[in-house]
Amino acid sequence: MEFGKCLCGAIEYSFDRSKVISAHHCHCKDCQRVTGSGKATIIIMSKKYFEVNQDPKFFEVLGEQGNHVVRGFCPNCGSGMFSYLKEHPNMVFVKAGTLNDSSWLKIDSNFFTDSSCDWNRPVEGVKNHNANPGLASNLMMAIKSLIK
Ligand SMILES: [Zn+2]
Ligand SMILES: [Zn+2]
């Protein structure tokens with residue numbers, strides 16, 4: 001099992017690494033703002049494989065592609081923990097930096113490269129998507145993983 005937590009330790013979660021569908025660097029402006037950095041790194045999996053000791057505080061925004069992005073963060077220390085789309089509530093996007101050990105993580109692609117900063121360019125060697133490539137394609141992968 002993989003474990004992660006917020007900075008103050010109030011919120012802790014775990015999941016089985018084999019249930020991870022994909023991982024991505026997201027360069028959208030919202031991720032830049034909430035992380036205070038050039039990008040967020042997210043791990044996508046089905047919510048049913050994600051266990052958390054308590055709900056974080058959620059903040060909902062209308063994402064760049066018309067989805068409602070619900071971002072969860074620790075109300076005590078402010079750490080961004082995980083997000084989901086209101087339209088696809090059974091999928092969870094975990095912030096990779098909150099993992100206790102993320103050394104195993106492999107990044108599949110970059111999202112929203114159009115809005116990447118010159119001082120934090122998309123990593124090379126993975127696919128680039130000008131915008132979110134689609135939840136559609138990710139959800140298809142998700143569905144396949146649920147069937148197997
Ligand atoms: Zn905290
Ligand atoms: Zn983003």
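The model is predicted, so to speak: local features need pLDDT of at least 70, side-chain atom pairs count only at pLDDT 80 or more, and totals for chains, interfaces and linings use all residues. Residues are numbered from 1 along each chain as its sequence is written, while chains are lettered from A and ligands numbered from 1 in the order in which they are written.

Let's start with the sheet. It is open, has eight strands in the order E6-E7-E8-E9-E4-E3-E10-E11, and its pairing is mixed. Strands (E, at least two residues) are DSSP runs, numbered from the N terminus, and two of them pair if DSSP finds at least two bridges between them. E6 (57-62) and E11 (127-128) stand at the edges with a single partner strand each, so one side of each has no neighbour in the sheet. E6 runs antiparallel to E7 (residues 68-73), joined by six bridges; there, Leu62 has His68 as its bridge partner.

Now look at E3 (residues 22-26). Four of its five residues are buried, so E3 is largely enclosed by the rest of the structure. Buried means that 20 or more other C-beta atoms, placed from the backbone, lie within 10 Å of the residue's own. E3 is antiparallel to E4 (residues 40-46), with five bridges, and Ala23 partners Ile43. With E10, E3 pairs in the parallel sense over three bridges, and His24 stands opposite Ser109.

Finally, find Thr98 in the loop between E9 (88-95) and E10 (109-111). Thr98 is buried, with 21 other C-beta atoms within 10 Å. Its C-alpha atom is 8.7 Å from that of Phe3, 95 residues apart along the chain.

Conventions:
Buried ≥ 20, exposed ≤ 12 C-beta atoms within 10 Å, placed from the backbone.
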